[in-house]
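Keep the 3D view open as you read.

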Amino acid sequence: MTNKADRTGSCIIAGAALAALLACTTPSASAHEANKRMADANALAPADTASRPAPQSRRPVARAEKGPYYVDFRARTAASWGHAFIWYGKTSERAVEVAGLTPAGDTWAYVLGHLTWVPSETGASYGDLDPEYLTASYRVYLNEADAKRVFAYIKKLQTSSPVWNAETTNCTGFIGDIAEFMGLEVPNRWQRPEAFVNRLKEMNGGRQMVRLSAE
């Protein structure tokens, strides 16, 4: 993206065309999503987990290896490019915390965000809690001490991300910062959210347990 004067006209035309193609964008969840935050995280778990066959033996499952807390890197469909975000919380609780980076406002805020920086929102957006929109998921588990550090970082990142831009400060970059803080290998952030989450899982060998290095 460039700010040169000879590109201004083409940017405006491109923005107008993009607006015409968009029927909706990612509005704030506000009261709608607030009422749904008590959704059962396990019931809405990734499809590949839900489809696994039941164990054939009665051997005890090594649940301690997974840890009691989780961060779930997720991607879903949207009106245009898609959206990347995270779920995080405690496996034994129904409450789901959601964090992601979206433009605040309506379709025009999204269009304008392709030309410059616009105000952002960092909580749940429409569709983040609906399993039918899910396109990719990579869940990793944490022990309690590491979870406290990661969750605090997520909250800090939310408060320190006041703007959104489609190319420089976007949703994949936001969850990529979280993955990097957790010590995960992070792919190129300028790709579709579904591809980003799938590549994140691939680069880390699908590992399920994450342990942070000592401070």
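Four strands make an open sheet here, running in the order β3-β2-β1-β6 with antiparallel pairing. Two strands pair if DSSP finds at least two bridges between them; strands themselves are DSSP runs (E, at least two residues), as are helices (H or I, at least four), and both are numbered from the N terminus. At the edges sit β3 (97–100) and β6, each pairing on one side only. From one strand to the next, the twist averages 20°.

A word on where this comes from: the model is predicted, so local features need pLDDT of at least 70 and side-chain atom pairs count only at pLDDT 80 or more, while totals for chains, interfaces and linings use all residues. Residues are numbered from 1 along each chain as its sequence is written, and side-chain values use heavy atoms, leaving out hydrogens and water.

Here are the strands and helices to look for.

| Element | Residues |
|---|---|
| β1 | 69–76 |
| β2 | 83–90 |
| β6 | 134–142 |
| α6 | 171–181 |
| α7 | 193–203 |

Zoom in on β1 and β6: they pair in the antiparallel sense over 8 bridges. Arginine 74 stands opposite serine 137 in β6.

Now for α7. This helix packs on the sheet, touching β1, β2 and β6 (contact means heavy atoms within 4.5 Å), and its direction makes about 35° with that of β6. For that angle, axes are lines fitted to C-alpha atoms, for helices over the stretch in contact, and angles run from 0 to 180 degrees between N-to-C directions. Pro193, Phe196, Val197 and Leu200 of α7 are buried, meaning under 20% relative accessible area with a 1.4 Å probe, protein chains only. Looking down the axis of α7, its buried residues fall within an arc of 95°, so they line one face of the helix. That arc is taken from the directions from the helix axis to the C-beta atoms. Just after α7, glycine 205 has a positive phi of about 65°.

Is tryptophan 87 buried or exposed? Tryptophan 87, in strand β2, counts as buried because its relative accessibility is 0%. Valine 71 is 16 residues away from tryptophan 87 in sequence, yet their C-alpha atoms are 5.9 Å apart in space.

Leaving aside neighbours within four places in sequence, isoleucine 86 is in contact with residues including Val71, Phe73, Val98 and Ile178.

Notes: Buried means under 20% relative accessible area, exposed over 50%, partly exposed in between (1.4 Å probe, protein chains only).
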